[in-house]
Amino acid sequence: MNIQQNTVSENNFEQCIKCTICTVYCPVAAVNPDYPGPKQAGPDGERLRLKRPDFFDSALKYCMNCKRCEVACPSNVRIGDIIQSARIKYGPKRNTSLRNYVLANTDLVGSLATPFAPIVNTAVALKPVRFMMDKVMAIDHRRIFPKYAHGTFTSWYKKHAAEAQAAFPKQVSYFHGCYVNYNNPQLGKDLIRIMNAAGYGVRLLDKEKCCGVALISNGLYNQAKRQAETNLASIRTAVNENDLDVIATSSTCTFTIRDEYPHLLSLKNDDVRDRVELATRYLYRLIQSGKVSFKFKEAEPIRVAYHTPCHMEKMGWSYYSIELLRMIPGVEVIVLDSQCCGIAGTYGFKKENYRTSQDVGEPLFRQIEASGADLVATDCETCKWQIEMSTTKPCENPLTIFASRLA
Amino acid sequence: MKFDTVIIGGGLAGMACGIRIAEAGRSCAIVSQGQSAIHFSSGSFDLLGRMPDGREVTDPIAGITELEQTSQEHPYAVMGAERCLKYAQRVPELLRTSGISVLGDCRKNHYRVTPMGRSKATWLTIDGYLTEQEPGKLPFEKVCIVNVEGFLDFYPEFIAEEFRKYGVACCFETINFPDLEHIRKNPSEMRSANVARVFDHEKNLDALADKIRKVVPECDAVIVPAIIGINRNDSLGLLKSKIDIPLYLLPTLPPSIPGIKAQQTLQQCFRALGGEYFLGDTVRSADLENGRVKQVYTVNHGNIPFEADHFVLATGSFFSEGLVATPDRIVEPVFGADTVYASSRTEWYTLRFFDKQNYQAFGVKTDSALHVVKEGSSIDNLYCAGAGLVGFHPVQEGCGAGISLLSALYVADQILNSK
Amino acid sequence: MNNTYDVIIIGGGATGAGIARDCSLRGIKALLLERSDIATGATGRNHGLLHSGARYAVTDHESAEECIRENMILRKIAAHCVEETDGLFITLPEDGLDYQAIFVESCNKAGIRTEILDPDEAKRLEPSVNPDLIGAVRVPDGAVDPFRLTSSNILDAKAHGAEVRTYTEVMELIREQNRIIGVQAYDHRAKEERKFYARVVVNAGGIWGHGIAAKAGITVNMLPAKGALLIFGHRVNKMVLNRCRKPADADILVPGDTISLIGTTSSKIPYDQIDNMIITPEEVDILLREGEKLSPQLAYTRILRAYAGVRPLVASDDDPSGRTVSRGIVLLDHAQRDGMEGFITITGGKLMTYRLMAEWATDLICKKLGVNEVCRTAEIPLPGSVESEKEVERKMHGKPIAQKRSSIARHGALATEIDSRDSIKNSLVCECEEVSIGEVEYAMKNLSVNNLVDLRRRTRIGMGTCQGELCACRAAGLMGKRSPVCAKKAKEDIVSFLNERWKGMAPIAWGDTLRESEYTTWVYESVCGLSDETEKTSMP
């Protein structure tokens, strides 16, 4: 019989055999009883929603989309995708709260803020302003905002780097993301420094929009899809026309482009997916192939604790970042137990999630404090904010640490 | 990525094998498709509880010696009684150094008590859990069975029904605190793991201890479901120190706290020894060259393969998709290894659920050194360990954990002795 | 104890329950006896299809007319048991469109509304349909839940004074010359014989009615026809899907509650096999092969279980060879037919016409008893169907959405009786089907639940994808709480419940179903240490 040879259907929830393992690893269900938990919200709920869409429970919004349920699932059920897809398919079609709009549009807000960075940074740090944002926009007043850079990465690149980069015989394309562009251009500069040392010039994509992760989690699906299409078109140009690999410094951007586009936004990307990767993985590959080696300077020994962001855990790629850190002389690497920090992008900024967010992160914060590390390393910008706000340690991207020790 | 050994499957077999290899200073990676079946652990490890014909076993090693004569396909028989004894003797030490403290003797089974009060022969039991030297020989005359209100995965009445058969008087106590009330707001997550998180807070342990102290005058022991100590290691000790009668744990329905703990402990031990544990990844294909596995490819790592000198297939049976059943075949999905099964589906099972089902003994074909066989020939550097092996009934014979642990150590030894 | 009634009804299927209700509404004191639980025979083992009658329109005009009439009645009186999905009769290239014209004409003649759709419109309405279709006709088919339907009839019968005894098996008919005056029955729970008397005894035993009639020395020639079905793990289709051709094997796909089911095969079996339904691999293959043609998704959708029912087809009286079979309702007054007073048999028919069968039988009972009351079962809604879903929902507070809607789907207006005062009552026992502790307790108290399998029929516990893996022990735990005797019984109950579930899973145990079974074995046999103590021969 040829039928039923393979039951891995698009209704992947059928593979759930109710083993309950996901419920153990859901960071939200552990602290917030209003969230139905991954098993109920995911495969169990999907079966009911297929019966009647009005079985949709708005409490699915508490899912942080960390995908730790998927990592834990022995049955390969894409639990997180099922939950997020359900929000798209059955949830409220309009999500016009000003707060969500502002949080989701990192691109727009970033480009408005960077020209006035000193003022904006000072303002959002002020108690009365934070109090206002809490009251008017339901952005929690305890949350510390990331600082904006004075001037964007792209404008710096065009002015100071583009020409020199084009001169390298080997090239790679860079998806910088909103964080590098508006908050931390230094990370982009660090990447350029490393790639240049490896003999590669760094180019930007023709047109880059925010990857859309925040739009997706805030219910702005159409806009997310439009931006994703723009990005995919640029990536295709880089890959297909210019034969360039595309690298990113943010684990979340990388994950969104590779996996969320096809799974949540139904945008096919298999033609380019393998060519989009995290910069640390790209470097690992170059080094392993023996084509590239780096010279480091002598510096103070430091102890670095690596934190695995959720999307990194899902991609399974923290190995590469950790291996890169281990290559740096004088750096002692401690790998923290992989736990969610609780911020989940814009989730933790929302007043109603603040408590959950900090409770989720609590075990990680304790681990970090007890680690005796000088510095925390992580590949995700929002994890960095959360860790810096909630612990006494500074936190950097592994590439920043790597670049700072290059000879 | 290049390792000395790559183990596919991060369950009991995979981790035991990995720990041995990493201990010896070899580089080792484990690739695991999600968390393992250890999450349903009873808190005990079985070696051999019954012979294939149903007879009860008191001395597992004697039973294995007999298997060598009577069931040559059985993995214990394949490994041989002598080796089994050697590895069985190593296991308690391995578990203890990893951080799982167990008691038991491979020459004499003891009995664990189930969440429904039944006695089951077993080999090693994690400290703190109720055991018996003989079925029904309980270490108390009057016991109080405590449960958390609304916790549906533990059955005091069923336990009492069994205990009373042995003349033990039972009384019940339920507990409820604001923190428990809080998690119960969620209608589905009143599970052992969530309850255990509540008892990781000392104030709740205190409250539980208070409740237990009140029943002391009437009872000579107290039983609590295994909901103590998920993130902390000292919760059980703390609780015991706060009361002055013996306290025993009994396992609950899944997820199992002793299982979660054991999984985490073994994983941490493996990592601390320098092992790399890749969770949530699936091995998709393998490159074979001259009858050897050269490298395997996974879903997450795509174009970066895992190269190694040795590979271990520890992907388990059906649950963990080490074996996949289609309507007419049993397939080993990673290497397409030869599998042993009945060709007609009607022979896979009987219609009685608790019968010894033939499908449970299906598995991957190996040679006597547990090399995986593909298209009739052994693959030199690929071994099979654990539940994917052929020729045994893990549940009915009470030998699942034993096969996993012993075959893992046997495979690890062969890897360490080569080269 | 008073053991005399106006009427004794043998058989707790939909028909028996319907008669009990009809009698009670007409003031007749009725006793219903069922050897097992309600709805365990053909009632609970069919498609659960709310026939529009379209399927019979071409071949059996009378049945078609009966169906559409009852269809419209059930939508009113049993709203909470019915899902108004509508159905499509699709034509595939291999069928040819010729049949469609005859089909539509016959439907119209029987009063069945039809609408011819072009294939694209059909695909839009029902995305799961075979995209190769060349024609489709929309008809007012739907889904009906036989367990709820039977249970509501029982509830209403009891509310109007009927007595219902399940697990009470009729062993003998008590005869006084040419008259049946009562029955001798065995109460399986109390383990004792009992006698009950009445002026009329009704044989509503379905296929088992053959054996009941035989106890009076009367031959009702039944021809057991086995029909096998497959249940898929979730809803594949929104509308009922039929093939627009002469009725054949596996040509109906019905969505019902959380699942979809395909059926049936049809094969004659010997009478002595009616209690021993085993699904063969060949039957599974036919169902899948044909099912895939209705909806290609079925080729890779997970199957939950397989089961079979036995249709009580009756050989026509004037053809003792049994070749002419009546698919319609057969009402036999044994006084007229066989000279045996006080005994009637109602059989044939189908789930769809249970109410009409009950009406016919009750009319005859009334005649025999000299009661002059008319039938009102076509007008009075069943308990649970007295209010709309929206109204019921407005009265319910404090439950999460999925739990609230699931319980309303199962109990209609009576869902408000489910205790949901606190978080404990709202805790889920069955997570697949959203059954709370409150609902289990409600069912145990009000819906004559004797064991876990009964509880499943009342609440859908264990009918989800895990087939009892998580909930069997939880439900047993609740049942065992009441006393030590209950604890012992409940523990044994888990074993028979798992056996019952496994029997349906075994024929399709591959892929994820086999994984699930292996896991279930670990949980119950290894972790819990349960074993099957019953003799191998007494398989339930």
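These legends describe close-up views of a predicted model.

Residues are numbered from 1 along each chain as its sequence is written, and chains are lettered from A, ligands numbered from 1, in the order in which they are written. In this predicted model, local features need pLDDT of at least 70 and side-chain atom pairs count only at pLDDT 80 or more, while totals for chains, interfaces and linings use all residues.

**View 1. Strands S1 and S2 of chain A pair in parallel.** Helices (H or I, at least four residues) and strands (E, at least two) are DSSP runs, numbered from the N terminus. Two strands pair if DSSP finds at least two bridges between them. Five bridges link S1(A), residues 170-175, to S2(A). Val172(A) stands opposite Val202(A) in S2(A). Strand S2 of chain A spans residues 200-204, and four of its five residues are buried, so the strand is largely enclosed by the rest of the structure. Buried means 20 or more other C-beta atoms within 10 Å of the residue's own; exposed means 12 or fewer, and partly exposed lies in between, with C-beta atoms placed from the backbone.

**View 2. Four strands of chain A form an open sheet.** Their order is S6-S5-S7-S8, with parallel pairing. Strands S6 (331-335) and S8 (395-396) of chain A stand at the edges; each has a single partner strand, so one side of each lacks a neighbour in the sheet. Strand S5 (residues 302-306) and strand S7 (residues 375-377) of chain A are joined by three bridges. Tyr306(A) stands opposite Ala377(A) in S7(A).

**View 3. Leu313(B) belongs to the largest nonpolar core.** Such a core is a set of buried Ala, Val, Leu, Ile, Met, Phe, Trp, Tyr and Cys residues joined through C-beta atoms within 7 Å. This one has 437 residues. Leu313(B), Ile8(C) and Val202(C) have the most contacts inside it. Helix H11 (residues 400-417) of chain B gives the largest share, 10 residues. Two residues are in contact if their C-beta atoms, placed from the backbone, lie within 7 Å. Leaving aside neighbours within four places in sequence, Leu313(B) has contacts including Ile8(B), Val334(B) and Phe335(B).

**View 4. Chain C touches chain B.** Here 45 residues of chain C are in contact with 39 residues of chain B. H18(C) gives the most to chain C's side, with 11 residues. That side has 22 nonpolar, 13 polar and 10 charged residues. Ala, Val, Leu, Ile, Met, Phe, Trp, Tyr, Cys and Pro count as nonpolar, Asp, Glu, Lys and Arg as charged, and the others, Gly among them, as polar.
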